[in-house]
Amino acid sequence: MSKQRSDKPEIKPFAGPAGGWGSVRSLAEILPRERVTPDALLQLARQNKPHGFMCTSCAWPKPADHHPAEFCEEGAKATAWELTTLRTTPEFFAQHTLTELRDWKDYDLEQHGRLTHPLRYDAATDKYVACSWEEAFDAIGTALRPLDPKSVAFYSSGRTCLEASYMYGLMARMFGNQNLPDSSNMCHESTSVGLKAAIGVPVGTTRLKDFEACDAIFFFGQNVGSNAPRMLHDLRSARKRGVEIITFNPLRERGLERFTNPQSPIEMLTGGETQISTQYHQVKAGGDIAAMLGIAKFVIEWDDAALAVGDPPVLDHDFIAQHTHDFRAFADAARAAEWADIERESGLERSALEQAARVYAKAKAVLAIYGMGLTQHVKGVENVRMVVNLLLLRGNIGRPGAGPTPVRGHSNVQGQRTVGITEKTELVPVDRLKELYGFDPPTEKGLDTVETCRGVIDGSVKAVIGLGGNFLRAVPETAAMEEAWPRLDLSVQIATKLNRNHLFAGKITYLLPCLGRIEEDVQETGPQAVSTEDSTSCIHGSRGKSRPASPHLLSEPRIVAEIAKRILPPNPRVDWDNWVADYGRIRDAIEATYPAIFRGYNKRLFTPGGFWKGNKAAERVWQTPSGKAEFLAPTGLSATGFADAEGRFRLMTLRSNDQFNTTIYGYHDRFRGVKGTRDVLFINREDMAATGVSEGQIVALESDAGDGKLRRREGLIVTPYDIPRGCLGAYYPEANVLMPVEHHAEQSHVPAAKSVPVRIRI
C-alpha cells in the first residue's frame, strides 16, 4: 500500500498559476500511484462528452462543443481513483480488525483499492467476512421489516445516478417514510430554501451560454481552482472579452487569481496566464451579508441622488415594479445601515465596496456565482437571499447573461432532488406517485442530515442505509456520532472503496460493493446507461465502458431493487426486476412521474450539452405566494450566528486541491503550499502575535459553542497565511469534530462549517 504522508511536512508558498504544468505534474503523479491500465487513458478521452461518461466528481456543466480533453485535474483524479487496479479483498479484512483500521488515515483507507466482495461484520472477531449477495439482502430485509419506518434513514451520496435515486426515494416512501438525508443537506440546502422563497425555484437560473452574454461576474465563497476547475475555461473566456470578475472570498485562492490553460500549447510553452479576478475582496468569514448590503446601499443611494436631479436611474424601476415584492423594506434597510457597521462586519473598507458597486451599477448583465462559502453559515439562507436582492435591483434575473449561479458539489446532487431524494413533501408529486403505484405516500416531513444525526445520537434512529458517500465522516459532531453508531440495529453501506464510516459497525452491518459509473453495467437487456443533472439543470446521459473491478459487483439500481423486494410487499405496479433489466424503463417511470421535466427522456438522453429541464424564474415567472420575486431585508449583518469575543475565532473548514469532499487523493495542497500533511491551522500573522503562537508550533483547537461539551482537534501546525483577522482555516473533514450538530443554518439545517466558533489551545 502507498502512503504519501511525510514525516517532515513542507509548507511554503506556491508561486504558480492554477492549471498549467502544476496540473500536468499532479496527474503524472496520481496515475502510476493508482496503477491504472492504459484503459484509464482511453476513458479520460470519453469523460464529460456525448456518449461518454459524466465525471464522478463535480457538477459543473458539460458543454456541447467540448474541448479535446474535457476533464480537469480533479476530474482526472476521480477517474484514476475509480479505475485503480488496487483491490481491497476479503483477505485484507482477515488481517485487520475494524478497531485497528480506525487508526488509519482517510487517504490510506481509500487508497488500498476497490472493494471486491459483499461483506458482513462479525462482532466476535471485529472483522468483515465475505458473504453471498443473497445472504446480505435476506438479512437486511429481516432486520428492516420489524422496525418502525420512522426509525430508518435512507442516506444517499450526490454521486448516485438519477435512475438509482428515483428507485431509492420510491422505496423509502413505500416503506413508510421520507427520511432521505443526502449530500445537499450538507452543502446547498440553503440554496434550495433561499432561492425557492425568493424566486420560486430551488436552483440557479443560468446556463453555460450565459457566460457568453454577461459583462460582469460577482463571485462569492467558492474555490473554483479546487472544486470546479473546468469553470476556469469559462471564466478565462469571459475575461478575454473584457468581463469584469469581482471576487469576495476570505482566502486568496489561486484559481480566482490567475490561470494557465493546460490545453493551450502557447500558454504552456510561454508561461502565459489569464488574470481571473479584476477585483479581489477578502471578506471576513460570515461577512458577505454586510458586503452585499454595502454594494446595495451604494447603488440605491446613487439612484436616489439621480432621481432627485432628473438624471437617468441606476436601478431598474420597471423591473422592480412589475416583477418584485417588498423592495421598499429592503431599500430602507440598506439606506439605514451604518457604514461603520458594514465595514466592521464585512472586514472591508467602504472604498472597496464602492469600487465593486461601480462595476455592478454600470453592468448590463451580471452573473452571481457562489458556493458553500455562503450556504454553510447560520445565516446561510439570508446569504442566498442577499445574492437575489442584489440581482433584483437591476433586473439581473431572467435575461441573457444574468442570474444566480450556485456551484453544486457532487456530480448529481441537484439531480437527486429533481427525482425525489428529499425529506420535504412539497418537493415531491405525491399525488402522482399514488396514482402510478397505488400506495399512500407519507406526507409527514422526513429527517434531514442534522435530524438524522440527532436521531443516531439519541437512539431514535435505529437503522441507516447509505447509498454511497461517507456519512459518518462528513457530518458534524464526529465524536458523538462515532460513539453512537454501534448502537444502531442495522448499518448498510453501499460503496466502491473502504472509508471511515465502514469502520463503525451497528449490531448488524453489511458493506456492499457496487459498480462505479465508469464501469460497464450489463443487465438482462445488455449494456446500460445512466443519467445525471448538472448545476445548470441540464440532464446528461452517461455510459460506462471500463471492465468492472470485480465480477462480484452489482449496480446501484440492482442493489436498491433487491433491498426493496425484501422490505416491501409485492406491488403489481412496481416491477423492480423489469426496471433493473432495462434502465430505460426506469427513465420511462421518471418521465411518467415528472412529465414536464423529462418529456422524451430516453430520446433526449445523449443530447450534446445535455437537455435543459427548464426554469420558470429564468422566464420571469415567479412561483412564489406573491407571484413576484421577493426582496428580503436582512435581520443582521453577520452570518455567523454568534458574537465575536476576545480569543474566539471564526473557523472555516477547507478542501485542498488534492481531495474531493471526504475523498483524499493525496497530501499536496499545491495552491496553498502545503505538502505531506493535513494537520494545518491557517492563521493571520497578527493573530499569531496576539495569541502568542509561532510558526510551526503544534496547537489544538477547541469548540467555543458554549454548550459545555468538549470538542477538540489536536496536533495542528501553526501556519501563517493571508486570511482575515479573527478567522482560521483547517481541513475538512478532519475539523468536523469541532462542529456541534446544532451549529447549522437556520431554516435549511446545513452544518455551518464556514464559521465555527473556536479557541486556540497551546
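Guide: Three strands make an open, mixed sheet, in the order β2-β10-β11. Strands are DSSP E runs of at least two residues, numbered from the N terminus, and two strands pair if DSSP finds at least two bridges between them.
Visitor: Which strands stand at the edges?
Guide: β2 (18–19) and β11 (274–275). Each has a single partner strand, so one side of each is left without a neighbour in the sheet.
Visitor: How do β10 and β11 run?
Guide: Antiparallel, with two bridges joining them. Phe-259 has Thr-274 in β11 as its bridge partner.
Visitor: Quick check, what kind of model is this?
Guide: It is predicted: local features need pLDDT of at least 70, side-chain atom pairs count only at pLDDT 80 or more, and totals for chains, interfaces and linings use all residues. Residues are numbered from 1 along each chain as its sequence is written, and side-chain values use heavy atoms, with hydrogens and water left out.
Visitor: New topic. Where is Glu-734?
Guide: In the loop between β33 (727–731) and β34 (756–761).
Visitor: Buried or exposed?
Guide: Glu-734 is buried, at 13% relative accessibility. Buried means under 20% relative accessible area, exposed over 50%, partly exposed in between (1.4 Å probe, protein chains only).
Visitor: What does Glu-734 touch?
Guide: Asp-106, Arg-473, Arg-678 and Arg-713, leaving out residues up to four places away in sequence. Contact means heavy atoms within 4.5 Å.
Visitor: And what sits under Arg-678?
Guide: Arg-678 lies over the face of Tyr-731, 4.8 Å from the ring centre. The cut-offs are CZ of Arg or NZ of Lys within 6 Å of the ring centre and within 35 degrees of the ring normal.

Key: Helices (H or I, at least four residues) and strands (E, at least two) are DSSP runs, numbered from the N terminus.
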